Amino acid sequence: MSALTLALGLASCSDSSDDSKGGSSGKLKVAASFYPIQWLTQQIGGDHVDVSSVTPAGTEPHDFEISTKQIAELNKTKALFYVKGFQPSLDDAVGSLSDVSAVDLTKNVNLVHHEGLLEHDHDHGDKKDGDKKGDGEKDHEDGKEHDHAEGHDHGDAADPHFWLDPARMKRAADAIAAELSKKDPDHADAYKKNNEALQKKLDGLDKSFQTGLATCERRSIVTTHTAFGYLADRYKLSQVGLSGIDPESEPSPATLAKVKKYVQENGTTTIFTEELVSGKPAETLAKETNTVTAVLSPLESKPEKGDYQAAMTDNLTALKKALACK
């Protein structure tokens with residue numbers, strides 16, 4: 001009888017330990033708002049963490065609406081890593097979560113405002129290799145990148161697309177590692193080691209972009225929507241978008257006319273499309289300007305093949321071809 005009592009007691013302790021981590025597998029159960037954040041968390045958590053993505057694969061996260069069922073599932077996790085201001089319905093849901101640490105990664109990555117729409121007449125010519133920085137530009141290393149984008153986007157919100165800058169991804173990774181270690185101190189050493197390995201991966205990716213985009217015939221990109229401001233900042237490119245931060249906003253005839261003029265005057269050869277947004281405006285523009293289209297992924301969903309690192313490498317290949325980089 002005492003043996004049975006002891007066995008039941010051990011089982012109870014085991015269940016309690018699992019529950020404290022948020023999952024029956026013994027792994028720390030956490031959630032990430034969408035794919036790039038999920039990838040970071042998986043890289044750091046390794047075998048000790050069960051990471052789910054709030055946004056299903058193949059779903060445009062800008063338009064994602066979280067369901068009551070998903071909120072209930074989130075309440076079974078111990079932490080949520082998210083990008084405040086990127087998915088309004090998730091921002092609203094955060095307030096209803098109980099006993100879940102909601103970690104807003106925007107606090108760690110220094111978000112800034114980005115322009116990218118040709119709303120005013122300016123000199124939009126490409127900067128040539130070796131051009132001096134203009135007034136107000138700052139070194140990339142200080143985290144206060146100058147906006148290299150064209151025109152003016154008058155939205156009040158800062159650009160949330162920091163995951164396209166490997167340096168900012170490193171800062172987000174540090175925040176995730178710290179929270180995982182806080183929630184699961186028994187595996188803090190593993191999280192630290194995994195984060196160190198991840199930092200090296202991101203450094204390598206950054207170096208590849210720095211080298212690959214160092215010497216190019218052109219330095220501006222025309223994109224479906226202005227998701228690439230941080231990438232442009234870091235690698236001294238300019239971005240012109242057919243639509244702003246929200247990819248679902250249709251470009252006006254006036255915007256299309258201005259971008260068409262820009263393409264013709266600046267020798268642009270490629271109009272970039274993306275996976276989850278209609279490519280019709282870009283295809284129309286390409287046809288009218290005798291240019292081609294190519295995919296430049298904003299990495300807002302899990303790639304069909306490979307992972308974040310592979311998709312970013314594909315982006316670099318596409319950029320080098322479009323900009324005639326040596």
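## Helices α8 and α9

In this predicted model, helix α8 (residues 253-266) and helix α9 (residues 280-289) have axes that come within 10 Å and cross at roughly 45°. The crossing of α8 and α9 is right-handed.

On the α8 side, the contact is made by L256, V259, K260, V263 and Q264, while α9 contributes L285, E288 and T289. Sorted by class, this contact of α8 with α9 has four nonpolar, two polar and two charged residues.

## The four-stranded sheet

Four strands form an open sheet in the order β6-β5-β7-β8, and their pairing is parallel. Strands β6 (238-243) and β8 (292-295) stand at the edges with a single partner strand each, so one side of each has no neighbour in the sheet. On average, and with direction ignored, neighbouring strands of this sheet are turned by 35° against each other.

Strand β5 (residues 220-225) runs parallel to β6 and is joined to β6 by five bridges. Within this part of the sheet, H225 stands opposite S243 in β6. Helix α10 (residues 308-322) lies across β5, β7 (270-273) and β8, and α10 runs at about 160° to β7.

## Helices α5 and α6

A further helix pair consists of α5 (residues 166-183) and α6 (residues 188-212), whose axes come within 10 Å and cross at roughly 175°. Because this angle is over 145 degrees, α5 is roughly antiparallel to α6.

From α5, the residues that make the contact are P166, M169, K170, A173, D174, A177, L180 and S181; from α6, they are A188, Y191, N195, L198, Q199, L202, D203, L205 and D206. The residues of the contact of α5 with α6 comprise 10 nonpolar, three polar and four charged.

## The disulfide

The count of disulfides comes to one. The disulfide is formed by C216 and C325, with their sulfur atoms 2.0 Å apart. The link of C216 and C325 is right-handed, with 95° about the S-S bond.

C216 belongs to the loop between α6 and β5, and C325 to the segment after α10, so the pair ties together parts that are 109 residues apart in sequence.

Definitions and conventions
Residues numbered from 1 in each chain as written. Predicted model: local features only at pLDDT ≥ 70, side-chain atom pairs only at ≥ 80, totals over all residues. Heavy atoms only, no water. Axes fitted to C-alpha atoms, helices over the stretch in contact; angles between N-to-C directions. Helix = DSSP H or I, 4+ residues; strand = E, 2+ residues; numbered from the N terminus. Left-handed = near helix turned anticlockwise from the far one by under 90°. Contact = heavy atoms within 4.5 Å. Nonpolar A, V, L, I, M, F, W, Y, C, P; charged D, E, K, R; others polar. Pairing = 2+ DSSP bridges. Parallel < 35°, antiparallel > 145°, perpendicular 65-115°, else oblique. Disulfide = S-S within 2.5 Å.
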